[in-house]
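Have the structure open and follow along.

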Protein chains: 2
Amino acid sequence: MDTASENKCFGGTQGVYTHASSACGCEMTFGLFLPAEAQDGPVPLLWYLSGLTCTHENAMTKAGAQAWAAEHGIALVFPDTSPRGEDVADDEAYDLGKGAGFYVNATQAPWAPHFRMWDYVAEELPALLGERFALDMERQAITGHSMGGHGALTLAMGLPGRFCSVSAFSPIAHPTQSDWGRKQLGAYLGEDHATWATHDATLLMRETGFDGPILIDQGSDDQFLELLKPEALAEAMAARRQEGSFRMQRGYDHSYFFVSSFMEDHVAFHADALYAK
Amino acid sequence: MDTASENKCFGGTQGVYTHASSACGCEMTFGLFLPAEAQDGPVPLLWYLSGLTCTHENAMTKAGAQAWAAEHGIALVFPDTSPRGEDVADDEAYDLGKGAGFYVNATQAPWAPHFRMWDYVAEELPALLGERFALDMERQAITGHSMGGHGALTLAMGLPGRFCSVSAFSPIAHPTQSDWGRKQLGAYLGEDHATWATHDATLLMRETGFDGPILIDQGSDDQFLELLKPEALAEAMAARRQEGSFRMQRGYDHSYFFVSSFMEDHVAFHADALYAK
């Protein structure tokens with residue numbers, strides 16, 4: 001693992017690190033914010049998964065999360081959204097290939113060799129983080145935006161016991177019924193719709209739910225509402241009697257101006273769950 | 001109007017008043033909390049509509065709302081849930097007749113002469129309150145529990161511009177599809193299903209929504225979830241992109257122990273909207 005940069009930030013350190021990923025078969029980059037408390041011992045960890053076209057860098061610079069993470073003594077990790085490099089398959093579209101890993105393990109050509117973002121985020125990166133940094137891996141929570149909200153919700157429900165809490169900003173909520181989902185799940189996973197179902201937050205909510213609190217924020221003026229399908233997830237959460245809140249925030253769109261406006265609430269929500277454990 | 005009682009309460013006054021109601025054709029009783037600020041001029045008003053079997057008295061003594069209303073300088077009114085008196089029709093069941101007015105104007109025998117709770121809450125009582133007390137009737141908000149949550153939501157959506165904000169605790173959310181609704185709407189309104197639809201929060205949400213923020217709290221261990229149907233309202237709110245929050249509170253049931261646990265949040269929510277106007 002190499003250090004690309006480290007900057008003092010809200011009394012802690014915002015780092016960027018690179019490492020050879022066996023899951024993705026390429027070099028991967030991630031951002032990690034460690035609050036000052038990490039100098040004295042392991043701190044809880046909040047994952048932030050980003051959306052389409054993003055790298056590790058977008059949320060790290062635009063979401064304003066470090067201020068609140070520092071206040072609560074929580075670390076933040078910002079993984080990349082896909083494998084990277086010249087020998088990694090790509091597509092001309094912004095929503096397939098690089099920057100669009102969708103947090104699945106691809107089984108289909110040409111994606112299968114590198115597009116294993118589920119294993120990367122669920123296994124490889126947590127192992128690396130737990131080994132190299134002062135992180136309490138018994139206290140993890142997860143959030144994300146758009147495609148990253150999809151990732152946060154599907155990882156949280158797909159890995160019972162791993163995360164104390166999950167939240168999402170304008171998540172892709174029902175990808176098996178959306179053009180943000182059917183195209184990518186088809187390309188990466190083929191026509192095995194049983195596997196698709198394990199990567200659909202609404203279907204997972206109907207099937208199992210999440211053993212902890214959930215917070216969803218969605219902007220009412222989001223330009224992608226027809227693709228995100230928040231109403232399907234809202235209905236499934238209420239029908240399951242899932243502990244949590246679904247909030248429709250009037251006038252907000254899909255941007256990081258929306259994400260940053262409610263980041264304080266999300267970090268505080270996760271801090272409650274992380275410190276209750 | 002007669003004063004049944006007045007007690008000093010959180011620096012203000014909790015009163016109980018009776019008056020001859022022309023809407024209901026009987027004597028009606030209501031509770032009114034006025035904060036200390038009402039001595040200096042008109043204050044905003046939050047309506048609290050109660051559920052099946054309740055009178056004006058339940059929430060007044062068990063919901064703990066006065067503490068937060070005093071903090072925000074807001075008045076609270078607690079109407080009764082049906083007409084009262086020996087000449088008022090009733091039914092042996094707890095969920096029809098007295099204590100079960102459902103906030104509609106009955107058109108059917110034997111209910112039509114007295115069961116006009118919509119007109120009482122929407123017209124007669126506001127006129128009386130605005131005339132007799134230091135209330136700023138341009139700043140009204142509304143909440144309620146169970147059948148009263150149904151009333152709050154249907155009045156808020158049925159009277160556009162009247163209320164700045166609406167909230168509900170475990171509301172009867174979709175009465176046209178529930179045994180808490182079909183029985184009563186049939187008895188009071190007959191088989192005119194177009195009129196039923198104007199008294200169903202989910203159908204109103206699908207049709208028009210509410211021009212302001214909504215807050216819904218529902219306990220996950222509510223013993224009446226199958227009758228309340230919160231998932232229908234949650235889906236309709238998200239599908240309309242309705243500004244607001246739908247919260248599933250883990251482990252809480254249908255009681256006033258639930259209502260009182262979240263009353264602080266609801267009063268603060270309404271205070272935000274009332275003072276933004």
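## Around B:Cys26

Setting aside neighbours within four places in sequence, B:Cys26 touches B:His19, B:Ala20, B:Ser21, B:Pro83, B:Arg84 and B:Val88, where contact means heavy atoms within 4.5 Å. B:Cys26 sits in strand β3 (residues 26-34) of chain B; helices (H or I, at least four residues) and strands (E, at least two) are DSSP runs numbered from the N terminus. With a relative accessible area of 11%, B:Cys26 is buried. For that label, buried means under 20% relative accessible area, exposed over 50%, and partly exposed in between (1.4 Å probe, protein chains only). For a sense of distance, B:Glu131 is 105 residues away from B:Cys26 in sequence and 20 Å away in space, C-alpha to C-alpha.

A word on ground rules: this is a predicted model, where local features need pLDDT of at least 70 and side-chain atom pairs count only at pLDDT 80 or more, while totals for chains, interfaces and linings use all residues. Residues are numbered from 1 along each chain as its sequence is written, chains are lettered from A and ligands numbered from 1 in the order in which they are written, and side-chain values use heavy atoms, with hydrogens and water left out.

## How the two chains relate

## α9 meets α9

Helix α9 (residues 230-240) of chain A and helix α9 (residues 230-240) of chain B have axes that come within 8 Å and cross at roughly 160°. That makes α9(A) roughly antiparallel to α9(B); angles under 35 degrees count as roughly parallel, over 145 as roughly antiparallel, 65 to 115 as roughly perpendicular, and the rest as oblique. Axes are lines fitted to C-alpha atoms, for helices over the stretch in contact, with angles running from 0 to 180 degrees between N-to-C directions.

On the α9(A) side, the contact uses A:Pro230, A:Glu231, A:Ala234, A:Glu235, A:Ala238 and A:Ala239, which meet B:Pro230, B:Glu231, B:Ala234, B:Glu235, B:Ala238 and B:Ala239 in α9(B). By type, the contact residues come out as 8 nonpolar, no polar and 4 charged. Here Ala, Val, Leu, Ile, Met, Phe, Trp, Tyr, Cys and Pro count as nonpolar, Asp, Glu, Lys and Arg as charged, and the others, Gly among them, as polar.

## Helices within chain A

The axes of α3 (residues 117-132) and α4 (residues 147-158) of chain A come within 12 Å and cross at roughly 60°, so α3(A) and α4(A) are oblique to each other. From α3(A), the contact takes A:Trp118, A:Val121 and A:Ala122, and from α4(A), A:Thr154, A:Leu155 and A:Gly158. Those residues divide into 4 nonpolar, 2 polar and no charged.

Helix α5 (residues 179-189) of chain A is mostly covered, with 8 of its 11 residues buried. Among them are A:Trp180, A:Gln184 and A:Tyr188. The buried residues of α5(A) pack against α6 (193-197) and α8 (225-228) of chain A.

## Loops worth a look

A:His145 and A:Ser146 both lie in the loop between β6 and α4 of chain A. A:His145 is buried at a relative accessible area of 5%, and its contacts beyond four places in sequence include A:Tyr48, A:Phe169, A:His254 and A:Tyr256. A:Ser146 is not a glycine, yet has a positive phi of about 60°; at 3% relative accessibility, A:Ser146 is buried too.

A:Pro42, in the loop between β3 (26-34) and β4 (43-49) of chain A, is exposed, at 59% relative accessible area. Beyond its neighbours within four places, A:Pro42 contacts A:Ala134, A:Leu135 and A:Asp136. Finally, a cis peptide bond joins A:Ala109 and A:Pro110, with omega about 0°, and A:Pro110 is in the loop between β5 (75-79) and α3 of chain A. In chain B, a cis peptide bond joins B:Ala109 and B:Pro110.
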